[in-house]
Amino acid sequence: MKILAIDDNPDNLTTLKAVLRDALPGCALWTALNGPEGIELARAEDPDVILLDIVMPGIDGFEVCRRLKADERLRSIPVVFLTALQTDRESRIKALEAGAEAFLSKPLGEQELTAQVRAMAKIKAANRVQRLEKEHLAALVVERTLELETELAAHKRAEAALRETRAILDAALNQSQAGIAIADAPIGLLRYVNDAGLLIGGGDRQTLVNGVGIAQYVARWQILDFDGRPLKPDEVPLTRAIKFGETCNREFIIRRALGDDRVVLANAAPIRDDTGKVVAAIVVFIDTTERKRTEEALVEKVEE
């Protein structure tokens, strides 16, 4: 056990040494004759308990206690006031307000003093454990904060790289004269349509790529077979790729909102995850209207 006694009276310190060394064999005892010296010893030795006189020259015991409790490194050390002059109720209250843990009046009984010192040492041990736990928790918080900041920075870099990749991919897909569309499983919500796809379908990006499903698209744009019969959603290649995992081709007519009919040849294929489950589908389609008209014109010419 480490004890620090601060008292401006050397005789009091001598008596205290004798009492403590007799009652607590093996204890380490430091003494100081004034407050500033005692504070420096406390910083250097980190005692388990400080025994502090009230009436001292320069700064009194109350001020010494306040300074001890204001120091982050010293505030966990219990302070016991020892006094023969200021034993009144007001002084006891002032001692507690300064941060002291206990107050003893002189002359001191050996048993009372040693019991108080032992109790204060237990408080210091508990305070130390609490401080270590707090420091450990703070270290964990700092460590986790750094980890999160690192993860966030990596996530931001990944997002930036993804945006760049998507921009490059989008630019490349928009150079294609074939329409390209992607829809999610299981209900076929359109998630992407390139510029050519918008042109062929006669729709706009805000309408198509904003939660419109294939069934709505089929109903809105009137997809027909060559006999003029409206196709059912399950007959559309993109739907079959999503619902049945099929790769399929089909040529059909789109009666666009613009008021004209376009012949479209579509090739759809499912997109699967690592388990083989269909998670989306992609369709590539081209406008074959002019080719179809040319073919029909040739047939008519041959028949003539």
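View 1. Strands here are DSSP runs of E with at least two residues, and helices are runs of H or I with at least four residues, numbered from the N terminus. This is a predicted model, in which local features need pLDDT of at least 70, side-chain atom pairs count only at pLDDT 80 or more, and totals for chains, interfaces and linings use all residues. Residues are numbered from 1 along each chain as its sequence is written, and side-chain values use heavy atoms, with hydrogens and water left out. β6 (residues 179–184) pairs with β11 (residues 278–287) in the antiparallel sense, over six bridges. Two strands pair if DSSP finds at least two bridges between them.

**View 2. Six strands make an open, antiparallel sheet.** The order is β7-β6-β11-β10-β9-β8. β7 and β8 (223–224) stand at the edges with a single partner strand each, so one side of each has no neighbour in the sheet. Helix α9 (residues 237–244) lies across β6, β7, β9, β10 and β11. It runs at about 160 degrees to β11. Angles run from 0 to 180 degrees between N-to-C directions, and axes are lines fitted to C-alpha atoms, for helices over the stretch in contact.

**View 3. Five strands make an open, parallel sheet.** Their order is β2-β1-β3-β4-β5. β2 (28–32) and β5 (102–105) are the edge strands, each pairing on one side only. The twist averages 20 degrees from one strand to the next. Helix α1 packs on the sheet and touches β1, β2, β3 and β4. Contact means heavy atoms within 4.5 Å.

**View 4. Helix α1 crosses helix α5.** The axes of α1 (residues 10–23) and α5 (residues 110–173) come within 10 Å and cross at roughly 70 degrees. That makes α1 roughly perpendicular to α5 (a term for angles of 65 to 115 degrees). L16, V19, L20, D22 and A23 of α1 meet E110, L113, T114, V117 and R118 of α5. These contact residues divide into six nonpolar, one polar and three charged. Ala, Val, Leu, Ile, Met, Phe, Trp, Tyr, Cys and Pro count as nonpolar; Asp, Glu, Lys and Arg as charged; the others, Gly among them, as polar.

**View 5. R166, A167, L169, D170, L173, I182, R191 and Y192 line the largest pocket.** A pocket is an open set of points on a 1 Å grid over the protein atoms alone, where a 1.4 Å probe fits, with protein on both sides within 12 Å along at least five of seven lines; lining residues have an atom within 4 Å of a point. α5 supplies the largest share of the lining, five residues. The lining has five nonpolar, no polar and three charged residues.

Terms used: Angles under 35 degrees count as roughly parallel, over 145 as roughly antiparallel, 65 to 115 as roughly perpendicular and the rest as oblique.
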